[in-house]
Amino acid sequence: MRVLNKKAISRRSFLKTGTVTALGLTIMGPMVIGKNNAWAATFKTLGADDAATLIQMARDCYPHDFLADKYYAKVIEGIEAQAGKDKAFKSMVSKELKKINSSAKKHYKVNYKDINRELERTDILKKNSKSPLFKKVQGDLVVGLYNNQEVWPKFGYEGESASKGGYMNRGFNDIDWL
Amino acid sequence: MAKFSKNDDSLVVIIGSGAGGGVLGMELAMKGVKTVILEAGGRHGPQDFVNDEWGSFGQISWLDKRTTSGDWRVSRDFSGLPSWIVKAVGGSTIHWAGASLRFQDHEWKARTTYGDVKGASLLDWPIDGKEMAPWYARAEDHMGTTGTNGIPRLPGNNNYKVFAAGAKKMGYKQFHTGNMSINSQPRDGRGACQQIGFCFQGCKSGAKWSSGYVSIPKGEATGKLECRSNSQVLKIEHDKNGKVNGVVYADKDGKVHKQKARIVCVAGNSIESPRLLLNSESSMFKNGLANSSGQVGRNYMRHMTASTYAIFEKPVYMYRGTTMAGIIQDESINDTRRGFVGGYELETLALGLPFMAAFLDPGQWGREFAASMEGYDRMAGLWIVGEDMPQSNNRVTLHKKIKDQHGMPIPNVNFSDHENDIKMRNHAWKQSIALYESVGANKTIKTPPYPSTHNLGTNRMSAKASDGVVNKYGQTWDVKNLFVSDGSQFTTGAAENPTLTIVALAMRQAEYIAKQMSSKAI
């Protein structure tokens, strides 16, 4: 059976001198830097603090421990771009984040992204699952995260096949464990 | 390739180019009848299709605004997308999986066989299996259906092998890789299936039959057929005697044209076809064209559907190879000891990772969902497709306020499951979960119905004019030169994928229309 290698990651490196969140995201000016300096992104409209919260929310929505934060951050970059063009949307994001953070403080005494346990963070998300911001993040992610071709190999999905002659000679019927 | 004048009132004008309209156009042209097909979408061939689920979705889907209502989950999760069909030359035969099954004899007589099912508006078809047998044979030959005409069946992929091993453990007897209109060997100028795996995105090798690149070019080669793409029909017009005499359509720039016609055939799929008839209301036809019965838009059926996905310890890579080449037919019989009337087919199905995320359990998130997605490469999957009960209030109506880009009222699709549908779905989930567990599944997932691909029944065929919209040839009861040529003429849905039956009905209708024309009856 032609079994796929699901590993293989490329990494970029950044000098890290900012503050580090409880979950390992570094905030430096408008920049959010990932764990192990693997990636960085700039959020001039949302600000790094709110962006880091959204990235954490994104990971909590679809938590894949084998995916680096950069794949989640990429979807949040789309929200950053929309906020840059649409003032009403930008104010919705910051208003809803305040609500989510106050809910987090009420139940766990700290802001959402500073809650250490995933179960407690998802408890906050469940309590706020009707929030238009949560729905937006979840809806964008379910398309954006799983439609990112860079993540496909990690799920064992090969994508386009016609240019490779389909699977006629590449294992369409090679299952060997039944 | 013919090009006809918009003032030519001797033409048959067909609205839509899918399984019904595309085949009807080919058949009429081959009989020497001058025919124009008006297709709302653009023309794409195998070279244009993309192995990319969301990319293809944007390229070929019918994305015009629609609304939904009723208790079906599609209305909650995908409120603006009741159906997943195609706006392009070839219609939904671009997207279809290729499964080509004949109705079983008893399914033509649903009312007689199933009796008076409470809440259902069952009728017998005014035709039967004997009447349709030669037309089915002709359709299978045209489409190159495997398992017929000496055409070998397709080889089974990994997803099929898991499915078949489970079927065997369950004691099922009737399972194989299906009757598929996908070449297993070169035929009719097209090559054999390359096991590409993106059947729903348009077949890049052209091995799969589609009216768009198989039937319509055959019609065009006669010089009697013109296929005018990017031409969305807005209204059918009639003369003072109540006979239709032309259609109004918008081109790709939104410019409105009128095409005269001797005969008009509606084949825009079961949402657009009734919508068009309703939008063609006039002082003479106040409730819409061909709607004296009040049945236009009613009895919308979508098949009882669902999926089951199962996660195993080891890889399956279900997406490799032909998407739907696998069927179990043992449950398609009518055995009321199971607690419901009618039956269902189990058919292999795979989605790519992007669509799996969207459809596996819409709206779900969190670690349980993520864990299922991490089982993607170890997943096997199947689709459940069974007969659903026609219900009068499952219907397509015109939206009272919202209009489309051409100023025409958009359709609303109202659908709620019948109790029989729910019982059948639960039975099918139970059986398919047992099937996968019998070969070692560690986790199974009940996936709810996708946006409808089998849209049926909204202009139904009936023996009596008061019960339906068209007679046994698809000719409207009210207007003798107006026909319905798509799945909307289905009286009941049967358990089988509908395309083969739509094609067979179109071939039969072409013969009827040609005879009626030559005898000057219409």
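Colleague: How do you know that the span of helix H6 of chain B agrees with its 13 residues?

Modeller: Good place to start, and keep in mind that this model is predicted. At 1.5 Å a residue, the 13 residues of H6(B), residues 158–170, should span 18 Å. The end C-alpha atoms of H6(B) are 19 Å apart, so the two values agree.

Colleague: What follows H6(B)?

Modeller: Gly171(B) does, and its phi is positive, near 85 degrees.

Colleague: Which residues of H6(B) are buried, and what covers them?

Modeller: Among the buried ones are Tyr160(B), Val162(B), Phe163(B) and Ala164(B). Their cover includes strands S4, S11, S12 and S13 and helix H11 of chain B.

Colleague: You mentioned S13. Where does Asp388(B) lie relative to that strand?

Modeller: Asp388(B) sits in the loop between strand S13 (379–386) and strand S14 (395–403) of chain B.

Colleague: Why is Asp388(B) called buried?

Modeller: Let's count together! A residue is buried if 20 or more other C-beta atoms lie within 10 Å of its own. Asp388(B) has 30 within 10 Å, so Asp388(B) is buried.

Colleague: Which residues does Asp388(B) touch, leaving out those up to four places away in sequence?

Modeller: Asp388(B) touches Met301(B), Arg302(B), His303(B), Met304(B), His418(B), Asp421(B) and Gly493(B).

Colleague: How many residues does each chain bring to the contact between chains A and B?

Modeller: Chain B gives 36 residues and chain A gives 31. On the chain B side, H6, helix H9 (353–359) and helix H10 (367–374) each give two or more residues. By class, that side has 18 nonpolar, 10 polar and eight charged residues.

Notes: Residues numbered from 1 in each chain as written. Chains lettered and ligands numbered in written order. Predicted model: local features only at pLDDT ≥ 70, side-chain atom pairs only at ≥ 80, totals over all residues. Helix = DSSP H or I, 4+ residues; strand = E, 2+ residues; numbered from the N terminus. Buried ≥ 20, exposed ≤ 12 C-beta atoms within 10 Å, placed from the backbone. Contact = placed C-beta atoms within 7 Å. Expected span 1.5 Å × (residues − 1). Nonpolar A, V, L, I, M, F, W, Y, C, P; charged D, E, K, R; others polar.
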